[in-house]
Amino acid sequence: MSESNHPVIEFDHVSKIYPNGVVGLKDIDLTINQGEFVVVVGLSGAGKSTLMRAINRLHDISEGDVRIDGISITKAKGKKLLNIRRKIGMIFQSFNLVNRSSVLKNVLTGRVGYYPTWKMVLGLFSAEDKQRAYDALRTVELEDKVYTRADQLSGGQQQRVAIARALTQTPTIILADEPIASLDPQTTKRVMDDLRRINQEMGITVVANLHSVEVAQAYATRIIGIRAGQKVFDGPVTEATDEIIASIYSGNEQEVS
Ligand code: ADP
């Protein structure tokens, strides 16, 4: 599958000011199309995580509008907000698995947005959803770990379970917030390869924020550079020259693009 011209994520003059006055994002305009593999890079504290969390409204923005598939998540409430969030899977640096639960149970929680709470508590998942969970585990090649407790897996395996959990949600977008920060190079490759396969074969849009420029250049189709809450570069990976990368990571406030 390839990229399309269908916008799945749109930022319209988005700013975020934290309650303590820190400016997280400053007037960001952005359109990400279906099927893109976007990597957000920048210094620690630049606003990468803030940008990511604005996409699925893990926190509210202060100004502007964020649209998912053309619908404002900024203005959405109740069921409408839930419906938009279902389309967005997320994986984190710290995996966020329930350590004492089995891999299967963890992956099934990807369906949480589709069930009333009481069914979740009782673990009443449909056969179809269990199948989805097995399929997702097959995609990340962990089908033999279905009944293993999450805390008995290696870090890389845990992150792949987190990817399977996101897939079980049947998302159109996967957000990956520093997904490889706690992994060694070999495991990093495995996790990034999984994300690339999901992007290319399933057409799921991936937005990841990464510390490593080398990994960003190896996997991204497009790079977004953030500095001090502002978008300072946005273009195809081929245009992100060493000079531009150095400028994204510099302390100087001059625009690079
Ligand atoms: P990055 O992901 O690029 O490391 P962040 O998005 O986490 O950067 O942070 C951007 C800026 O916002 C930083 O100055 C950070 O200290 C600040 N920040 C992040 N989260 C909060 C918060 N909950 N309250 C106040 N300031 C925050």
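Which residue stands opposite Ala176 in strand 7? In the predicted model described here, that residue is Ile91. Local features were considered at pLDDT of at least 70 and side-chain atom pairs only at pLDDT 80 or more, whereas totals for chains, interfaces and linings use all residues of this predicted model. Residues are numbered from 1 along each chain as its sequence is written, and side-chain values use heavy atoms, with hydrogens and water left out.

Helices (H or I, at least four residues) and strands (E, at least two) are DSSP runs numbered from the N terminus. Six strands are arranged in an open sheet of mixed pairing, in the order 6-7-8-3-9-10; two strands pair if DSSP finds at least two bridges between them. Strand 6 and strand 10 (230–236) form the edges, each pairing on one side only. On average, neighbouring strands of the sheet are turned by 15 degrees against each other, direction ignored.

Strand 7 (residues 173–177) runs parallel to strand 6 (residues 88–92), to which five bridges join it. Five bridges also link strand 7 to strand 8 (residues 205–209), again in parallel, and Asp177 stands opposite Asn209 in strand 8. Between strand 7 and strand 8 the chain passes through helix 7 (residues 185–202) in a right-handed β-α-β crossover; with the strands pointing away from the viewer, the path from the first strand over the helix to the second runs clockwise. Elsewhere in the sheet, strand 3 (residues 37–41) and strand 9 (residues 222–227) run parallel and are joined by four bridges, with Ile224 in strand 9 as the bridge partner of Val40.

Five of the five residues of strand 7 are buried, that is, under 20% relative accessible area with a 1.4 Å probe and protein chains only. Ile173, Leu175 and Asp177 lie on one side of the strand, and Ile174 and Ala176 on the other, so that both faces are covered.

The axes of helix 6 (residues 155–168) and helix 7 come within 9 Å and cross at roughly 20 degrees. Axes are lines fitted to C-alpha atoms, for helices over the stretch in contact, and angles run from 0 to 180 degrees between N-to-C directions. The two helices, helix 6 and helix 7, are therefore roughly parallel to each other, a term for angles under 35 degrees.

Notes:
Buried means under 20% relative accessible area, exposed over 50%, partly exposed in between (1.4 Å probe, protein chains only). Angles under 35 degrees count as roughly parallel, over 145 as roughly antiparallel, 65 to 115 as roughly perpendicular and the rest as oblique.
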